[in-house]
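My notes are below the picture.

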Amino acid sequence: MSATSSANGQELLKMVGIHKYFGRVHALRGVNFSVNRGEVVGLCGDNGAGKSTLIKVASGYHMADAGQIFFEGREVKLRSPKDARALGIETVYQEQALCPHLSIARNIFMGREPTTVLGLLDQSRMNEESMEALASMGLKLRSPHALVSALSGGQRQGVAIARAIHFRAKLVILDEPTIALSVKEVREVLDFVRHLKDQGVAAVFITHTLHHVFSVADRIVVLAHGCNLVDIRTKDTTVDELSDIIARGTLGDAAPTHKPESEAAAAALAQQATCEEDTEAEQEI
Amino acid sequence: MPLLARFRSIGVLGVLLLLVIGAAALTPQHTFIQEANLKTLLALGPEFGIIALGVGVLMVAGEFDLSVGSVLTLCGFFFIWLVGSGLNPFVAALITLVSGIAIGFVHGLVVVKARIVSFIATLGFMLTWRGLAEILTAGVVRSHNFEQYPLFTQLVTGRLGGVVPMQLIWFILFAVILYFVLQRGRFGNWIYATGDNVEAARAMAVPTDLVKLTCFMLVGFMCSFASLLQITRTAAFTTHMGTGWELQAVAAAVVGGTSLRGGRGTMVGIFLGALVIMVIDNMIGQARLPYEWTYIAFGLVILGAVLLDLAVEKQVQRATA
């Protein structure tokens, strides 16, 4: 179908024909999406393209109205974030990831606090493991007691990502991790993503900024109007070509003179056509 | 951590000491520090203090309960009605406590499920429960002879070793238990997380609705427990129990460093904050000032505490930037 689906046990997450409605809004119209083991996938698209909805389905926040989800080759039902987490899918949300007035250690173990025999928090274990988790991300912070509100935006993302991999995530979904960050902080976050990859953890990187994702992603998926638009290896395309496609929101139909510049783009064009047929078919029902 | 935030609890202790010294110096004939008054303060004060502890925990979870005075009244009615109908006081107390928890459950359910802002929802319940208590009593002051239950009164309003009021023991006991729950326990971390950033907590699978519901039930329990203390002490019921306590409890928590926006606060701070309010209340009585002065005093205390809270928050923000 596209350049990606080589199903020889490498596929970690595979979502097929995902539909999602919010009332009368058809937010996802049969989207296909997959992530291989240890792969970093950039998920791009304009506002309202369905990126957030898609990852909320993948992280159990929303349930798909139709479609199938496979994880490590088995079909799964994700009814809550808990289900997703149990499989090893961790999501790092942009603003809502951390509690600013709590310590780093309390944030990292939020909802999964280890306790002693007396039922109290095992604080020494929380502190030690927090520092280890941060160190594994290349993040050196003074103390696990520091409040998150005292950290920079980049460091906060680091804490949130460290938390995800500390609990043995196989797939980390990053929702706009570089939004509202300074240039230096963006570089930090991109380094965290490389650390993830080095540890064999797959990642989905959602962003508006192609330049950010281009330097770390193996593959880029573009959505438009709730449909697949492009699914292409980073090395087979350029920032300019992709940003052009995203800006137009279509590959060829709207601009008949446009000729797909690569084979993968042509494949994606065919896929988009399918998605639109599905939509029409459904409207008839 | 910024200076103001770090020394917040010590600051409250300082305020408390200043108040005590001031009260001792300024009350006529220094009645404030005389034994009789201190005994009264430490026996009556905990009735309010116990409720304030619960309200403080609820505020850390990011919610308010303005109905505490009315729940106290309604539970007080249940208790005196039950013992008055000949029930064993321990059984009556148990039923009263369960009904307090049930009332808290209703509050929590309305806030969590109907998504009504707790400030407004509990304002509604404040009127509802007091109105209900007034209808049920039909304006009659009920009294009951509690001297017939020596064991019960000894446990509730007696004096440990003939000196320390049992009310103070209960107050300290609840504070210690809640310290471990809030600051050292797993559930406590959920309370902080829920109050600080409910979305983040939910995303990390913290059962935020359950956390809030439990905190509302805690407040209901504390109100009903305080009603046992007050009814047993006064041996009578009026519908004017705990008027004004809803805001005094909020004031106690805020004075103790609890954030009005949730997510911040310590049990030591809330405990000391409750003592500050107890002392102010007592001091104004001892200074023979008209009761109206307490309104002015509490108003200024709340404003001062909120201003200090803003200053702390600003320092934290600046440290972040």
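**Ground rules.** I am working with a predicted model, where local features need pLDDT of at least 70, side-chain atom pairs count only at pLDDT 80 or more, and totals for chains, interfaces and linings use all residues. Residues are numbered from 1 along each chain as its sequence is written, while chains are lettered from A and ligands numbered from 1 in the order in which they are written.

**Chain A against chain B.** I looked up who takes part and got 22 residues from chain B and 23 residues from chain A. Contact here is C-beta atoms, placed from the backbone, lying within 7 Å. On the chain B side, the elements giving two or more residues are α8 (166-184), α9 (186-196), α10 (198-203) and α14 (292-320). Helices (H or I, at least four residues) and strands (E, at least two) are DSSP runs, numbered from the N terminus. The largest share of that side is from α9(B), with 5 residues. By class I noted 12 nonpolar, 5 polar and 5 charged residues on the chain B side. For the classes, Ala, Val, Leu, Ile, Met, Phe, Trp, Tyr, Cys and Pro are nonpolar, Asp, Glu, Lys and Arg are charged, and the others, Gly among them, are polar.

**Helix pairs in chain B.** I checked α3 (residues 35-60) against α11 (residues 208-234), both of chain B: the angle is about 180° and the axes are 8 Å apart. Axes are lines fitted to C-alpha atoms, for helices over the stretch in contact, and angles run from 0 to 180 degrees between N-to-C directions. α3(B) and α11(B) are therefore roughly antiparallel, a label for angles over 145 degrees. Among the residues making this contact are Pro46(B), Ile50(B) and Leu58(B) of α3(B), and Phe216(B), Met222(B) and Leu229(B) of α11(B). I get 16 nonpolar, 2 polar and 1 charged residues for the contact.

Next I took α5 (residues 89-113) of chain B, which packs on α11(B) at about 145° with the axes 7 Å apart. The residues of this contact divide into 17 nonpolar, 9 polar and 2 charged.

**Six-stranded sheet, chain A.** I traced an open, mixed sheet of 6 strands in the order β6-β7-β8-β3-β9-β10. Pairing of two strands takes at least two bridges between them in DSSP. Neighbouring strands are turned by 20° against each other on average, direction ignored. β6(A) runs parallel to β7 (residues 171-175) of chain A over 4 bridges, and Glu90(A) is opposite Val172(A) of β7(A). Helix α8 (residues 239-248) of chain A packs on this sheet, touching β3, β9 and β10 of chain A, with its direction at about 15° to that of β9(A).

**Four-stranded sheet, chain A.** I found a second open sheet, of 4 strands, antiparallel, in the order β2-β1-β4-β5. Its edge strands are β2 (25-36) and β5 (74-76) of chain A. Its neighbours are turned by 25° on average, direction ignored. β1 (residues 11-22) of chain A is joined to β2(A) by 9 bridges, and Lys20(A) faces Leu28(A) in β2(A).

**What does α1(A) lie across?** I found α1(A) across β1 and β2 of chain A, at about 120° to β1(A). Helix α1 (residues 51-58) of chain A also lies across β3, β6, β7, β8 and β9 of chain A, at about 150° to β7(A).

Terms used
Two residues are in contact if their C-beta atoms, placed from the backbone, lie within 7 Å. Angles under 35 degrees count as roughly parallel, over 145 as roughly antiparallel, 65 to 115 as roughly perpendicular and the rest as oblique.
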